[in-house]
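These are my notebook entries on one structure. I set down what I looked up, entry by entry.

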Amino acid sequence: MTDRVHLDRPRLLHLLEAMERIRLFEAKCVELYQTQKILGFLHLYDGEEAVSVGVIEALRPEDAVVATYREHGQALARGIGMDVLMAEMLGKVEGCCRGRGGSMHIFDAKKRFYGGNAIVGGGLPLAIGVALGDKMQGREAVTVCFFGDGAAGEGEFHESLNLAALWQLPVLFVCENNLYSMGMALGRAEVDTDIARHAGGYTMPAEAVDGMDVVAVEAAARRALEHVRGGGGPAFLECRTYRFRAHSMFDAQSYRTKEEVAAWRDKGPILRLTRWMTETGLLHAGDQAAIEERVKAEIEAAVAFAEAGTLEDPADLLKFVSMENVPQEGAVR
Amino acid sequence: MSDTAPMTYREACRQALIEAMEADPRVFMMGEDIGAYGGCYAVTKGLLDMFGPERIRDTPLAESGFTGAGIGAAMVGMRPIVEIMTVNFSLLALDQIINNAATIPHMSGGQFAVPLVIRMATGGGRRVAAQHSHSLEGWYAHIPGIRILAPATIEDARHMLKPALADPNPVLIFEHVMLYNDTEPFDASVNAVDIATAAVRRAGADVSLVTYGGSLKKCLAAAETLAEDGVDAEVIDLRVLRPLDDATILGSVRKTRRCVIVDEGWRTGSLSAEIGMRIAETAFFDLDAPLRRVCSAEVPIPYAPAMEDAALPQPATIVATVRELMGRG
């Protein structure tokens, strides 16, 4: 069974470290935001780490990823270097997008990472095209498309689910349902809050999973991917999760209570995993400290790399508005 | 020796598509009713039989969905041609065209190009009222990152597609609905055109008529009428609405010292306004008369024939505008 997640100690520590990298990277981003080294919007993934880590663990290098503006987790889990990611956050030429995109628009052709889309729902049609193009060229690849619960209200969501099923495309749709589209509670936005059921209407297998449980997410992703890789067309995974912090950096959070946030924090994906590992004797004294130490060293190096980076010469402002050639074709097999 | 035979604009578009499909296996088409129906303007008639449903891909009515799919496919190595029935319907795909196709190359720091062609019908005159008749290509010409073509001749309809597909950037091709049935002698010895320059379709000395697409014929007709009065009009076919070929426009205006811009878009905030301003910025002192425009009336295009005709630029309006400009009103 390919959907089984091996739960030995090294494997679990790896999942824990993958989530800690995202959590601690973003904590550093908050500091850098407060000192105005990071500007603009900063949408934090705090609380949702199990979704990107669990799903992306199940991917292969040839697979493609389409993500949203809240995509630091996907970028790190997909293996985009923390250094070039941090440089992008600081708007440096050494950033993965030369500082042109910033926090919301992370792209990496070599990792087959197609953004970083800040229009809710806007990434779904793009993912259809990536999967269609791969399929037409005989590539054995799956496109994983991440989006939030807010996207379920967009026409592009429905257009894309239909197209994927109609054309039997290798797409795994992953809905990160954190219960709020900015401040709009899901129950106030959708007549049917069971988003996986919406997908079921498009005749694809759809499953809702506890998005706070990284092992459950990975297992569900493997089940869904087995269906997609087997040529069965698209699949849909709704990961029920929660955003612990503000939507972006300025948000009074008048739409939810502190108690609600605290209750969810107590069910957070890192706590959830470490508690379970502790109970089962798989987390040893010093494990978490060692992970944190390693990750913090990586973050410090990334910050140093980013701070030492250069700002793009405004003389290059128009560069890449019109391309001279098609650069990504060297990157795709 | 040139080998000329009559060809319709529709057939020119169709032959261009067939040539592109035969030349490159990465090329495929997506759009509404392009396959089994044969294309709403019959441009893709027969292509489904020739190339099969994988490459002539009928889509559901999901403009944003299939346009975005074209962008994604272009980003992974295909050369999609997306057909949108009319420019009015393309408004449902604006998110994909503007937020994705036009931005991703720059926003990704040059990691991705979007080699995509989008064809659509534009313009009025077919008595199909306000949701099928507008000329919004000028809007698209506002957007950096996309190239906008308006083939007005059979030759351009036949040959613009090939360089459009070779362009690493998104190219939008606007085909005026009143041109599809046009028949002109087609010179088979011409096998390529550029997608960078404007063309002088009629040389003249007294006034420049700057136009494109469906208004070209109207300007040429107006020029013949004006010639009877001894006014020698030069007619410039823009061909490429973005980026504009400033050199040809300004070269003509500096020669004739008068300019009337004829644009089927609405006047306010239009492509005609942009062209006029470019002339004013760089050739102001070469002008002997104020710049003038003939645009569509600022109304949703109405159904009733006399009302629609009154809303669109017509040869008579162009002639009257030039006469007034020349002091011959």
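Which residues does A:Leu15 touch, not counting residues up to four places away in sequence? I found A:Val53, A:Glu57, A:Val214, A:Val215, A:Glu218 and A:Leu273, where contact means heavy atoms within 4.5 Å.

**Conventions**

I note that this is a predicted model, in which local features need pLDDT of at least 70 and side-chain atom pairs count only at pLDDT 80 or more, while totals for chains, interfaces and linings use all residues. Residues are numbered from 1 along each chain as its sequence is written, chains are lettered from A and ligands numbered from 1 in the order in which they are written, and side-chain values use heavy atoms, with hydrogens and water left out.

**Entry on A:Leu15**

I located A:Leu15 in helix H1 of chain A; helices (H or I, at least four residues) and strands (E, at least two) are DSSP runs, numbered from the N terminus. A:Leu15 counts as buried because its relative accessibility is 0%, and buried means under 20% relative accessible area, with exposed over 50% and partly exposed in between (1.4 Å probe, protein chains only). I also looked up A:Ile270, which is 255 residues from A:Leu15 in sequence, although their C-alpha atoms are 9.4 Å apart in space.

**Entry on A:His43**

I found A:His43 in the loop between helix H1 (9–34) and helix H2 (49–57) of chain A. Is A:His43 buried or exposed? It counts as buried, since its relative accessibility is 4%. Leaving out residues up to four places away in sequence, A:His43 touches A:Glu26, A:Tyr69, A:Arg70, A:His72, A:Ser103, A:Met104, A:His247 and A:Ser248.

**Entry on helix H4 of chain A**

I examined helix H4 (residues 82–89) of chain A and found it mostly covered, with 6 of its 8 residues buried. The buried residues are A:Met82, A:Leu85, A:Met86, A:Ala87, A:Glu88 and A:Met89. Their cover includes H1, helix H3 (72–77) and helix H12 (287–307) of chain A. Just after H4(A), I noted a positive phi of about 70 degrees at A:Gly91.

**Entry on chain B as a whole**

I counted 14 helices and 14 strands in chain B. Chain B is as compact as a globular protein of 329 residues, because its radius of gyration is 20 Å, close to the 20 Å that the globule rule gives for that length. The radius is taken over C-alpha atoms, and the rule is 2.2 Å times the number of residues to the power 0.38. The C-alpha atoms of chain B fill a box of roughly 60 × 45 × 45 Å along the principal axes. Of the 329 residues of chain B, 60% count as buried. Among contacts in chain B with a separation of 6 or more, 82% join residues 24 or more positions apart.

**Entry on the domains of chain B**

I recorded domain 1 (4–187) and domain 2 (199–325) in chain B, with bounds from an automatic or database domain assignment. To their contact, domain 1 of chain B gives 31 residues and domain 2 of chain B gives 24 residues. The domain centres, taken over C-alpha atoms, are 26 Å apart.

**Entry on B:Thr256**

I placed B:Thr256 in helix H11 (residues 246–256) of chain B. B:Thr256 is buried, with a relative accessible area of 2%. Apart from neighbours within four places in sequence, B:Thr256 is in contact with B:Gly204, B:Ala205, B:Asp206, B:Val207, B:Ser208 and B:Glu234.
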